[in-house]
Amino acid sequence: MRTRSLNLGILAHVDAGKTTLTERLLHLAGVIDQPGSVDSGTTRTDSLAVERRRGITVKAAVVALDLDDLTVNVVDTPGHPDFIAEVERVLGVLDGAILVLSAVEGVQPQTRILMRALQRQTIPTLLFINKIDRMGADVDKVIDQIRRRLTPDLLVTGAPAGQGSQAASFTGFQREDAAVHESETLALAEHDDGVLASYVDGRDRTPDDLLEVAIAQTRAGVLHPVYAGSAATGAGVPELMSGIATFLPATGPTEAGTPSGTVFKVERGPAGEKIAYVRMFTGTVLTRDRLGLGGDREGKVADIEIFDGGGWVRAAQVAGGRIARLHGLTNVRVGDTFGDPPRAATAAFAPPTLEAAVEATEPAQCPALRAALLQLADADPLIAARIDEAGTPTVSLYGRVQQEVLGTTLAEEHGIEVEFSEASVLHVERLRRPSEAVLRLNTDENPYQATIGLRVEPGPPGSGLRFRSQVAARDMPLYLYKSAEMFTAAVERHVRRELSHGRFGWEVTDCVVTLVEAAYSVADGPPSRRGPTSTASDYRNVTPRVAREALETAGTRVCEPVLRIGLEVPVADAPTLHRLLGKWGAGITRQTSAGELARLEARLVAARLHSLQHQLPDLTGGEGTLESAFDGYAPVRGAPPVRVGWHWPPV
């Protein structure tokens, strides 16, 4: 009986062979009869039509295999940087990871970015040098690159033979061998004073003692066992599977306690229903259980599936430590949590900074396009699908490949051919000064039977939009709403909807909006002047007008996103990058070098990010890497940009 589980991520630079490795693991574990092929579109994890045709992974996929008493849930992740958000969502649910490198290309730009993300979250990681059967393979050279560019903390577990041929193989070291024993001792002594003292004193530790230390250091994220082989031929993969069972931290079922978990993926079933992929941490979820998903959202579990025997099968329950698919959670979103998961979600990568309008080539399909984009946003909230004032949908993007995949998905899965506008950088608006506006009922300028007064004030950077009320309950139409809190929440919704577009079309943020006045009317008199009874529609119509008037008086300043970037480039290319960043007005905050690589840190406006991404390979001979993180907003210099399709005041 299998009593332990391990949630394992497989990550790599695009085309390093991680999906092929997943297929080989499934084959050797007896889950499938033959490994699928990326080129022929027969892999288990690349199930989307666009993935099969392009030969790239777009969405994280989950499969499972058994190693003795251990169930390994394998999460195959995208390798292209345009889909880095999908990787980020997966990192928080992993117990361990395999970082795949090519024995020919070695350490590539995305490899370094992924390794740093794994190190930041101290995820135990094994390294697998793939494609030793390809011409030009050189495992020793790649190990040297890893030491210089990723981490020196390696435990090499074996050696290849016959590299560059179909007969290439990998043989694990005999740990009793004297040379292997000394090499392992020196590697472990870097992080264990006891091992170091034994070595200096000439007291040999037994191979079993050293193995225990190696396991502990790997699980602490300070040591990385290295394997090599070929996912295509299977060479070295059995040794890697042994390493998974030995070095990575499996957990037993934690059935007791309050159920807690994280939703890291949402997809649609054949009938359009939502299916939530959940990593359970503690407790047990059963069918018909109700789960709180955040705020006032909750859902009832209609069905549970776990991956077993090569496919998803129904289960009566799922316990902590496992990955499952939950049906019936109609309001679920990617990133939702329930209970109190022990791991807080942390953003490892910058959010998208581009926006593009999407239009159906057939106007009759516009309503269907809006519905399809809302469905896709459930699976990837960062595309932030929304409708502009002209009724045109817009989406947020990381880059052109993501845009192309989105267009293909709409065509193939929803039957909608679309065209994208030229992508532009997302901006925000901030208030210039405080302002107040009010529309009172029974006045010439107000056709609605409701009074609303709002005060808007600038807030601290990064504070978002905060709403509060100073109105007494006696002035609220509580016959329409069950409580003062519900009325206030309704007004807040109307305000937020209106301020999602400022004077230049961008979202208004970092401000405080206060409800300062409210009144209503009833047919028979008090508490206000006689007149038709106020309705919810009156407040729904008057609130945006008041918010717009307050915004007009306050004025806004358009601000552009600023990123904190980290560049890692060959030392010889650092001066060129330094000059380019200076030309763009970027402030260099730090510059260091280690060996053959230099690291530059700077603050750069997001509008320059994509130019930098495009120029970096040519400027560094393909060796440069770029990481970015959101670092706030700064006022735009010159004329403020107007959002495409926006007109003020809105009609």
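1. A quick definition before we start: buried means under 20% relative accessible area, exposed means over 50%, and partly exposed lies in between (1.4 Å probe, protein chains only). Strands are DSSP runs of E of at least two residues, and helices are runs of H or I of at least four, numbered from the N terminus. Please keep in mind that this is a predicted model, where local features need pLDDT of at least 70, side-chain atom pairs count only at pLDDT 80 or more, and totals for chains, interfaces and linings use all residues. Residues are numbered from 1 along each chain as its sequence is written, and side-chain values use heavy atoms, leaving out hydrogens and water.

2. Because eight of its nine residues are buried, S1 is largely enclosed by the rest of the structure.

3. Now for the neighbours of S1, where two strands pair if DSSP finds at least two bridges between them. Seven bridges link S1 in the parallel sense to strand S3 (residues 70-76), with Ile-10 partnered by Asp-76 of S3. S1 also runs parallel to strand S4 (residues 96-102), joined by five bridges; there, Gly-9 has Ala-97 as its bridge partner.

4. Have a look at Glu-88 too, in helix H3 (residues 84-91). Glu-88 counts as buried because its relative accessible area is 18%. Its C-alpha atom is separated by 41 Å from that of Glu-549, 461 residues apart along the chain.

5. Lastly, Asp-177 sits in the loop between strand S8 (169-172) and helix H6 (178-189). With a relative accessible area of 37%, Asp-177 is partly exposed.
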